Every structure is written in C-alpha cells, then in structure tokens.
Amino acid sequence: MSEPLYPAVGAHQGAVVFFSSASQNTARFVANCHLEDEGFNVYRIPLRPKEPALHVREPYVLIVPTYGGGNPKKALTPQVRRFLNEPENRSYIRAVIASGNTNFGDAFCAAGDIISAKCHVPFVYYFELMGTPDDQRKVRKGLVDFFANQRAKKTADSDPATTTDALPLQYVSVGAAAAPRD
Ligand SMILES: Cc1cc2nc3c(=O)[nH]c(=O)nc-3n(C[C@H](O)[C@H](O)[C@H](O)COP(=O)(O)O)c2cc1C
C-alpha cells in the first residue's frame, strides 16, 4: 500500500487517485479542491517510470486527463494504463472523472468514457484543463456525497430496511466511443 500525496485530515471519507503530466493541469485542479480537508486520501500516479509504482488498497475515484489527440487507443497515458492493469488497483476503482480540452472535439474527455467502459464504473464528472472554481466546488461536494452514498449502499445491502437512491455527482458521458482493450 502506497502513501497518499495528501493524507486525509480528520475523519476518513474516501480516496482519490489522480494522474497529471508535466503540464500539471490536473495536479493544480486537485490541489485547489483541498480534498484532504474533506477527509480524502489523495494519491498520485507517478509520472516517471523510475518512481515507485502506486498501489492503492482502498476504494477511490480516479481523476485523469485525456491524451491521444483524438486517437482513442492513446487517450489513456501509459502511466494510467499501468496503474489500472494491476488487478488489485483496478478492483478498488468506484468512479472516474476526466479532464481534457474542448479543442479536441468528439475526443473531449474521452478517457472518462474509456475507463468507464473498461472498468464498469460510472463516469461522474468532466472538466476542462485545470477546471474552474465551480468545478472545484462541485467535485468537492460531489465526492463527499458519492462516498456517503457508497457507505449507505453498503449498509442497505446488509440491511434491506435501509434504501438509498441518491445520485450525487452528475452522471455524464461526453459521447466519445469506448475503445476496445489493447
Ligand atoms: C498531446 C496532447 C494530446 C491531447 N489529447 C486530448 C484529447 O484527445 N482529448 C482531450 O479532451 N484533451 C486532450 N488533450 C488536453 C489535455 O487533456 C489537457 O491539456 C489536460 O488538462 C492535461 O492535463 P495534465 O496537465 O494534468 O496532464 C491533449 C493534450 C496534449 C498535450
């Protein structure tokens, strides 16, 4: 189990895993969300191959930028691919948030559709570049609600008297076709 970049402060609510390349847009977005202050462990997928691999052993929402310039086979960076190819890492993913640049048209945030299809998790939110303060607010609140909902669901599964149908973040698909697994 790897150490989070930003460990949760106070009562633990859940976890977020993100990747960001040298341009650091996603890293800035995540830092600006201050998710650790809401009780989230925030893990970063390493950028360079020499860094130790990331091993996450708790349920998390993945936040990733889209690459590939419109080629769905390259929409996920090798670092994200490597992380998700480890079965134990993949077993803890619960949802995906993707970023991108609207200049890429139909391929805008395609990474979200691809990960959603491959890992069978909802694509819950997307934002452009480093996001806006409104994106930060929505993601911060949405993640708190999402993990509260996950906990309620777990209780409901063990206690049929409890039900929950809250839909916390906006469930989205920006329309890019999911690519087959390489
Ligand atoms: C070579 C290259 C290819 C990209 N391809 C896409 C794309 O297909 N779809 C998209 O929405 N954004 C695309 N983007 C935009 C990035 O997703 C965007 O700049 C993002 O904020 C980068 O995040 P990062 O700085 O954390 O790595 C591309 C950017 C680069 C530099």
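Residues 24 or more positions apart account for 77% of the contacts in the chain that have a separation of 6 or more, two residues being in contact if their C-beta atoms, placed from the backbone, lie within 7 Å. The model is a predicted one, in which local features need pLDDT of at least 70 and side-chain atom pairs count only at pLDDT 80 or more, while totals for chains, interfaces and linings use all residues. Residues are numbered from 1 along each chain as its sequence is written.

The secondary structure of the chain comprises five helices and five strands. Here helices (H or I, at least four residues) and strands (E, at least two) are DSSP runs, numbered from the N terminus. Read from the N terminus on, the elements follow the order β-α-β-β-α-α-β-α-β-α. Of the 182 residues of the chain, 36% count as buried. A residue is buried if 20 or more other C-beta atoms lie within 10 Å of its own, exposed if 12 or fewer, and partly exposed in between, with C-beta atoms placed from the backbone.

Seven of the eight residues of β4 are buried. Strand β3 (residues 60-65) runs parallel to β4 and is joined to β4 by six bridges; two strands pair if DSSP finds at least two bridges between them. Five bridges join β4 to strand β5 (residues 123-128), again in parallel. Residue S99 in β4 stands opposite P65 and also opposite F127 in β5. Together, β4, helix α4 (residues 110-119) and β5 make a right-handed β-α-β unit: with the strands pointing away from the viewer, the path from the first strand over the helix to the second runs clockwise.

The ligand has 23 residues around it, of which S20, S21, T26, P65 and G100 come nearest. A residue is near a molecule or strand if its C-beta atom, placed from the backbone, lies within 6 Å of it. Both α1 (25-33) and β4 (93-100) supply at least two residues of this shell, and α1 gives the most, with three residues. By class, the shell holds 10 nonpolar, 13 polar and no charged residues. In this classification Ala, Val, Leu, Ile, Met, Phe, Trp, Tyr, Cys and Pro count as nonpolar, Asp, Glu, Lys and Arg as charged, and the others, Gly among them, as polar.

P78 is exposed because 11 other C-beta atoms lie within 10 Å. P78 and L47 are 31 residues apart in sequence, and their C-alpha atoms are 9.5 Å apart in space.
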